[in-house]
Amino acid sequence: MEKGMYDAFISYRHTQPDSFVAQTLHRCLESFRLPRNVARQKGEDNEKGNAGENGAGQLKTRIRRVFRDKEELPLVSNLADPITEALSQSEYLIVICSPRLNESIWCRKEIETFIRMHDREHVLAVLAEGEPEVSFPEELLFREEEEQTPDGSVIYKKIPVEPLAADVRGSTRREMRRKIKSELLRLAAPMFNCSYDDLRQRHREQRMRKIILTSVSVSALCLLIGLVSTAAALKIQHQSQQIKEDAKLIYEQSGVIEKQYEEIEEQYAQSKRRVTEAYAREALGYLEEGDRMRGLTVGVMAYEEYQSETADEEQAAEAPPQLTYALTELLRLYENGEQIKPDRILEAGSVIRFMKLSPKGGRVMAVGDSGRLTVWESLHESSEISFRPEGEDLSWECQVGFVSEDKILYPQKNEGAQEEELCVQDLETNENTTYPCIGYEGVIPIPEKEAFLVVEEEGCYLVGADGKAGGRLRWQELEEDLYAQTGFEAEQVVTEDGRILVAIELDAESGGKRIAALAFPADPGEDPETSLYPIEYEFIKDLCLEESRYQKGADLLYVTANHSERTESALATAGLSGRLQAFDLNGQRELWRYEIADGWLYDVGFARREGSHYLLCQKYSDALLLDRRDGTQIDTFSFGTEIVETGSYTDTDDFMAFTRDGVWHYLDTDYRMDMVGNVFADCTSSNVKDFAMGDGYCVTLPYGSNRITVYRRAIGEVEDVVSA
């Protein structure tokens with residue numbers, strides 16, 4: 001092959017049925033042979049010097065090599081070197097078209113690169129699914145043409161073109177395979193420099209000649225056998241007994257052959273069954289890892305393939321028991337919704353630093369060690385958006401967030417810019433809005449108002465739902481040497497009267513911490529009310545705001561802060577102490593404090609029953625039950641391992657705690673009992689770093705992992721079968 005290494009390059013999306021069409025077409029093309037009469041005619045044309053574009057003396061009678069990449073390549077701006085090389089050395093480009101093709105920037109770059117290297121006439125399209133107007137990419141439907149305007153400038157116009165296409169759409173794989181074989185001549189004709197009608201007619205003639213030749217040969221053989229048999233019968237009648245014995249031997253041999261054929265059929269059926277069983281084990285393996293939906297994809301694919309390759313309808317309807325068991329487990333057919341089990345895995349490109357859920361739980365955001373930000377729809381495997389903000393390394397949770405269910409916030413620094421800017425991106429429309437920052441330190445989303453507070457080193461400003469930014473509030477107006485630092489703790493709440501309460505941790509150059517409480521009024525035209533609360537301990541772990549249930553109109557702030565003492569001669573920690581303080585924001589006074597001298601305090605949570613006085617505070621591996629009215633300790637729940645997350649149940653005094661070993665604890669405050677049930681018994685990790693509750697699901701993130709596991713209530717429903 002002088003002109004290139006490959007006869008054709010197949011471009012397709014690595015999804016179904018695109019992959020199935022690409023694989024089947026690949027096998028059919030490499031097994032195709034040019035009909036002998038067409039090859040002979042092309043040979044005569046070569047001798048006369050009419051070889052066409054293949055050149056005199058070159059005669060192609062088969063398609064030898066077809067390039068098909070078998071792995072999904074990453075989304076990059078340029079094609080990888082092996083792909084570019086293959087495109088340059090391919091004579092034709094075959095594009096598998098479906099509604100998903102336009103979503104693949106990689107596939108469209110392959111089309112664009114091939115047309116630039118060769119020409120549009122060598123691009124062939126195969127319609128696998130959908131209608132042409134939504135399945136064909138713009139690169140196949142239009143070509144650019146230069147046109148000179150009267151003023152001498154050149155403009156480019158898009159000229160509609162009709163690509164050479166083969167239609168292989170079908171409702172089943174068997175129907176699609178049959179259409180591929182039928183449409184093969186339409187694709188092969190230009191590759192052999194032949195017309196489709198001529199190649200089809202010659203192909204049909206070749207088949208007819210083979211049938212006629214076979215029939216004549218068989219007839220001649222039968223006639224010859226008849227003549228020889230008749231002559232032998234006339235000449236050797238006395239040997240009739242011997243002939244009978246020979247006939248008996250032939251009959252016995254035919255029985256042996258038939259038995260061997262049955263044994264071969266049985267061996268093939270067993271081999272096919274073993275392959276199906278292997279798929280079933282693979283699907284169950286995904287289920288054990290926690291990725292039920294990927295296992296379900298493998299199981300359904302194995303079942304469809306088993307049916308398509310089984311000729312016996314009764315045998316095809318009855319799948320191997322291992323596959324039946326796997327599909328039963330994957331579809332949760334015998335589950336009643338009493339247990340929470342792994343459903344799918346969301347995989348990032350690097351180890352995940354932290355994750356966040358959207359306000360209603362419909363999306364999950366993760367930031368990896370590479371600084372890459374990824375957002376998924378919570379109940380889908382593929383990521384909705386994934387990118388690395390320019391000039392930023394996202395290390396702190398306060399740097400990013402959701403301002404609403406469809407909008408995310410993140411910082412970026414464009415090339416050449418002196419200051420950072422905050423970007424608000426709409427995930428539905430992909431539109432970006434930017435806000436300038438002077439020493440950006442973080443953002444506090446306020447989803448209830450679709451607003452957010454931009455925190456800078458020297459101050460802050462509020463952006464409302466209309467996208468308009470208010471005036472900057474400078475920390476020096478509150479205290480002369482006050483400033484914000486990246487990684488600050490912050491909390492916000494929207495009160496019943498529409499006010500926005502924000503509490504944020506600040507540092508002072510003179511030493512110590514401050515909590516700034518900002519009350520933004522319902523009327524955006526008024527200035528916020530501000531208050532400062534000094535905190536003696538240096539490590540603030542949690543801020544929590546609430547509207548008081550005991551003093552009408554009094555808003556409360558809870559602060560957990562910690563302190564560590566170190567010896568002068570060693571770096572080892574000599575002592576740890578923690579403090580929980582409750583402040584009345586309206587009265588600007590401390591209500592009570594709770595202190596411990598043998599550890600640190602972390603997150604705070606409240607019972608959700610109306611009028612309840614219970615408060616739960618974390619102490620690494622202990623949960624402290626306190627009276628929220630005066631801070632007195634009521635009881636302690638000890639777990640022996642780190643507490644990852646706590647929460648409270650609706651309209652009860654009871655709490656839950658999720659620990660690092662993947663155990664869900666039910667904390668009964670009436671009986672002071674820690675109960676562990678089997679509702680959440682299949683956690684995929686015993687080293688959980690983060691846990692969060694979404695809308696009808698929950699997620700876990702292990703330490704040092706790039707995978708988030710999504711859990712749902714396990715119940716077998718018709719919707720699961722349909723979606724599978």
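This is a predicted model: local features need pLDDT of at least 70, side-chain atom pairs count only at pLDDT 80 or more; totals for chains, interfaces and linings use all residues.
1. Glu131 is partly exposed, with a relative accessible area of 43%; here buried means under 20% relative accessible area, exposed over 50%, and partly exposed in between (1.4 Å probe, protein chains only). Its side chain meets that of Arg169 in a salt bridge (3.4 Å, N to O), the term denoting a side-chain nitrogen of Lys or Arg within 4 Å of a carboxyl oxygen of Asp or Glu. Glu131 lies in the loop between β4 (123-127) and α5 (132-135) and Arg169 in the loop between β7 (164-167) and α7 (173-191), so the pair ties together parts that are 38 residues apart in sequence. Arg169 is likewise partly exposed, at a relative accessible area of 23%. Helices (H or I, at least four residues) and strands (E, at least two) are DSSP runs, numbered from the N terminus.

2. Residues are numbered from 1 along each chain as its sequence is written, and side-chain values use heavy atoms, with hydrogens and water left out.

3. On the chain as a whole, 13 helices and 40 strands are present. Of the 724 residues, 44% are buried. Among contacts (heavy atoms within 4.5 Å) with a separation of 6 or more, 53% are between residues 24 or more positions apart.

4. Salt bridges number 34 in a search of the whole structure. One of them joins Arg363 to Glu428, with the closest N and O atoms 2.8 Å apart. This pair links distant parts of the chain, 65 residues apart: Arg363 belongs to strand β10 (residues 363-368), and Glu428 to the loop between β15 (421-426) and β16 (432-436).

5. The side chains of Asp343 and Arg344 meet in a salt bridge (3.0 Å, N to O), and both residues are buried. Asp18, Arg100 and Glu129 are linked in a network of salt bridges.

6. Helix α9 (residues 240-289) has 50 residues, which should span 74 Å at 1.5 Å a residue; the end C-alpha atoms are 74 Å apart, in agreement. The expected span is 1.5 Å times one less than the number of residues. The buried residues of α9 are Ala269, Lys272, Thr276, Glu277, Ala280, Ala283, Leu284 and Leu287. An α-helix has 3.6 residues a turn, so residues three or four places apart point the same way. Just after α9, Gly290 adopts a positive phi of about 105 degrees.

7. How do α9 and α12 pack, and at roughly what angle do their axes cross? The axes of α9 and helix α12 (residues 321-330) come within 8 Å and cross at roughly 25 degrees, which makes α9 roughly parallel to α12. Axes are lines fitted to C-alpha atoms, for helices over the stretch in contact, with angles running from 0 to 180 degrees between N-to-C directions; angles under 35 degrees count as roughly parallel, over 145 as roughly antiparallel, 65 to 115 as roughly perpendicular and the rest as oblique. The crossing is left-handed, that is, the near helix is turned anticlockwise from the far one by less than a right angle. On the α9 side the contact includes Arg273, Thr276, Glu277 and Ala280, and on the α12 side Pro321, Gln322, Leu323 and Tyr325 are among the residues involved.

8. Helix α10 (residues 292-308), of 17 residues, reaches 24 Å from its first C-alpha to its last, close to the 24 Å expected. Its buried residues include Arg292, Met293, Gly295 and Leu296.

9. Most residues other than glycine have a negative phi, and most peptide bonds are trans. Tyr620, however, has a positive phi near 55 degrees; Tyr620 is in the loop between β31 (614-619) and β32 (622-627) and is partly exposed at 42% relative accessibility. Arg672 also has a positive phi near 55 degrees, and this residue lies in the loop between β36 (664-668) and β37 (673-675). A cis peptide bond, with omega about 5 degrees, joins Gln16 and Pro17.
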